[in-house]
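User: Hi! Could you walk me through this one in simple words?

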Protein chains: 2
Amino acid sequence: MTNIKKVSELAGVSTATVSRTLKSPEQVTEATRDKVMQAVKQAGYRPNWLASSVKSGKSNSIVVLVPNLTNPFFLRIIGGIEQAAQEKGYSVLLGDTQGDSKRENEYAGMVLSNRADGLIQLDHSFPFAPQDAELADNVPMVSVCERIEGERKYPVIELDNYAASRALAHHLVGYGHQKFAAIVGQISSQIYRERLAGIRSVLQEENLPLPDEMLVGGSYTIEAGIEGVRQLLKQPVRPTAIFCFNDDIAIGAIHEIKKYGLRVPQDISVVGFDNIKVSAFIDPPLTTVDQPAYDMGRRAFEVLSVLMRGESLTRIREILPFQLVERQSSGPVHSS
Amino acid sequence: MTNIKKVSELAGVSTATVSRTLKSPEQVTEATRDKVMQAVKQAGYRPNWLASSVKSGKSNSIVVLVPNLTNPFFLRIIGGIEQAAQEKGYSVLLGDTQGDSKRENEYAGMVLSNRADGLIQLDHSFPFAPQDAELADNVPMVSVCERIEGERKYPVIELDNYAASRALAHHLVGYGHQKFAAIVGQISSQIYRERLAGIRSVLQEENLPLPDEMLVGGSYTIEAGIEGVRQLLKQPVRPTAIFCFNDDIAIGAIHEIKKYGLRVPQDISVVGFDNIKVSAFIDPPLTTVDQPAYDMGRRAFEVLSVLMRGESLTRIREILPFQLVERQSSGPVHSS
DNA sequence: CTGTTAGCGCGTTCAA
DNA sequence: TTGAACGCGCTAACAG
């Protein structure tokens with residue numbers, strides 16, 4: 001272990017001088033600076049980050065809780081967080097929770113034990129264990145996409161899911177569709193409610209139905225899309241347009257629809273949500289709502305950064321712009 | 001800041017007793033244990049992780065360097081690492097390097113300054129800055145998929161890329177293909193050389209050519225696949241089979257081939273590498289080589305774990321099994 | 001400008 | 001079994 005003491009002896013100065021030379025070189029004579037720097041080099045010295053952090057009480061790390069690492073959409077968000085964090089000298093501790101609350105509790109606990117200074121939650125659950133709830137009151141925490149449930153309100157960076165769903169619905173209604181279905185994601189979340197409400201509002205305005213049996217799914221996976229289509233196609237009436245609550249679901253849905261010998265969009269239009277990379281390159285390219293995932297990540301860190309500095313926020317909710325991306329998976333209803 | 005001292009005062013014992021009660025409860029009387037535990041609860045005390053780590057000199061964290069977070073294949077590897085790490089009480093510091101050596105240097109430096117105990121590199125470059133090379137001699141480091149370049153050999157968990165490429169080549173040769181092309185990834189890596197060598201070895205055995213103008217690409221992206229196909233289709237002779245060096249490239253390639261009005265696999269067979277999730281659900285489903293990404297990640301951590309314990313390794317190179325996944329993007333050559 | 005001293009929060013001696 | 005004291009490696013305060 002090559003520590004500051006060794007360097008100080010090597011350079012013939014005090015440990016304090018070594019520390020100063022490295023932190024604020026301008027406060028030191030050029031002569032001593034040279035001596036110290038040479039000793040540092042010779043000893044191969046690196047300040048022990050752990051030790052300096054004990055003093056400052058700051059770890060300069062944040063925990064990012066993600067329910068599912070395999071979802072490429074989350075990846076882009078994490079990329080944005082990581083980028084912004086790195087620029088400010090923060091490290092990102094990755095917490096893959098698999099939606100398991102035990103794991104969430106564990107990871108969340110890191111910020112209670114000074115292993116991290118803040119927390120970004122990509123899921124909708126309150127990540128702390130019940131017995132830690134009070135302690136958690138003072139931890140900087142931000143949620144992205146989803147909204148953390150519970151009494152206490154945390155800042156959230158999200159999309160206007162209601163408006164985005166309305167945009168999709170209008171898009172499909174504009175093509176003359178009347179028989180709709182939806183393959184939804186996680187039902188217990190705010191996102192589910194808002195997106196569904198958005199769709200419903202448009203359909204009601206147009207006097208179009210969205211019967212309960214046309215609502216299937218329950219998770220944001222390709223498999224859910226496949227299974228969803230199977231269920232929908234068992235119904236007596238076939239929908240001509242399907243809202244998928246994310247692009248993975250849509251990819252599964254399109255795949256399965258084709259398996260049934262049906263065509264997209266001639267027989268069934270499919271729309272998604274997220275605009276992940278591949279969505280533009282599947283066949284047919286997917287009509288979807290683009291979410292500025294990377295920017296959402298960046299912004300989430302910036303907001304967290306404010307919180308970690310102990311400052312207070314003007315806005316507790318930031319809504320980022322979405323964009324309807326019209327591709328070829330949606331089209332006019334085909335009169336049969 | 002609720003520290004050990006406060007708890008000790010609250011419980012009417014010394015700080016040492018508090019520390020002991022939490023670390024080795026059996027060394028403490030039940031009476032005092034109860035007192036302490038109650039005080040801990042009441043004060044909402046959590047041992048300061050930073051402080052305890054200074055003592056032990058271990059951060060129980062590792063850095064994972066990934067060149068590109070948007071590649072779903074890397075994600076699965078990271079998932080495996082994260083999982084294994086969590087089980088052993090380690091945290092994962094995510095380092096998105098974007099292939100930038102400055103960033104690599106910075107992240108790699110973390111392990112020199114005790115911010116992390118070890119390093120897993122997913123890229124092929126030696127991540128430390130030249131001036132840190134000596135220091136780096138003693139840091140636990142493992143590479144996955146790629147092999148870290150340089151004098152010193154680090155443990156590597158990889159695939160038999162040579163054999164896997166041969167399997168793909170045999171598969172295509174078996175379908176009667178004679179005109180081959182390849183859209184490759186990063187050229188500067190070992191993987192590139194091995195995969196290409198594997199393909200070449202089979203083609204030579206069969207007396208089939210792989211002319212230089214049939215080698216295009218240079219990065220592991222969808223865009224590279226698209227651009228690659230454009231270049232290939234400009235050539236006077238059209239290949240009937242294309243090796244794509246990963247699935248993303250293949251997805252781009254298939255997309256672009258269809259744009260030209262050609263069919264996969266009737267006009268051109270396409271094969272990939274990695275077997276990412278979507279590959280099974282694109283149209284046509286992709287023939288590819290399945291890499292056990294998750295297991296590779298797990299194994300990488302386990303090997304790193306051995307290194308971090310200061311033990312030495314029996315094998316410095318671990319080769320995990322691949323599997324040829326035959327789907328519908330490859331087929332018999334169509335006589336025109 | 002530099003050295004001495006103190007202390008961050010904790011774990012681990014060594015006595016008692 | 002418990003407590004006092006020391007030290008981890010570093011930095012901040014104060015003298016000089």
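**Strands and helices**

User: Which residue in β8(B) is the bridge partner of Ile183(B)?

Analyst: The bridge partner there is Cys244(B). This is a predicted model, in which local features need pLDDT of at least 70, side-chain atom pairs count only at pLDDT 80 or more, and totals for chains, interfaces and linings use all residues. Residues are numbered from 1 along each chain as its sequence is written, chains are lettered from A and ligands numbered from 1 in the order written, and side-chain values use heavy atoms, without hydrogens and water.

User: How many bridges join β6 and β8 of chain B?

Analyst: Four bridges, with β6 (residues 180-184) and β8 (residues 241-244) of chain B running in the parallel sense. Strands pair if DSSP finds at least two bridges between them; strands (E, at least two residues) and helices (H or I, at least four) are DSSP runs, numbered from the N terminus.

User: What's the strand order in the sheet?

Analyst: In chain B the order is β7-β6-β8-β9, an open sheet of four strands with parallel pairing. β7 (215-217) and β9 (269-271) of chain B each have a single partner strand, so one side of each lacks a neighbour in the sheet. From one strand to the next, the twist averages 20°.

User: Which helix packs on it?

Analyst: Helix α9 (residues 222-234) of chain B does, touching β6, β7 and β8 of chain B. Its direction makes about 145° with that of β6(B).

User: Switching to chain A, which residues of α1(A) meet α3(A)?

Analyst: Val7(A), Leu10(A) and Ala11(A) do (contact means heavy atoms within 4.5 Å), and their partners in α3(A) include Val36(A) and Ala39(A).

Terms used:
Axes are lines fitted to C-alpha atoms, for helices over the stretch in contact, and angles run from 0 to 180 degrees between N-to-C directions.
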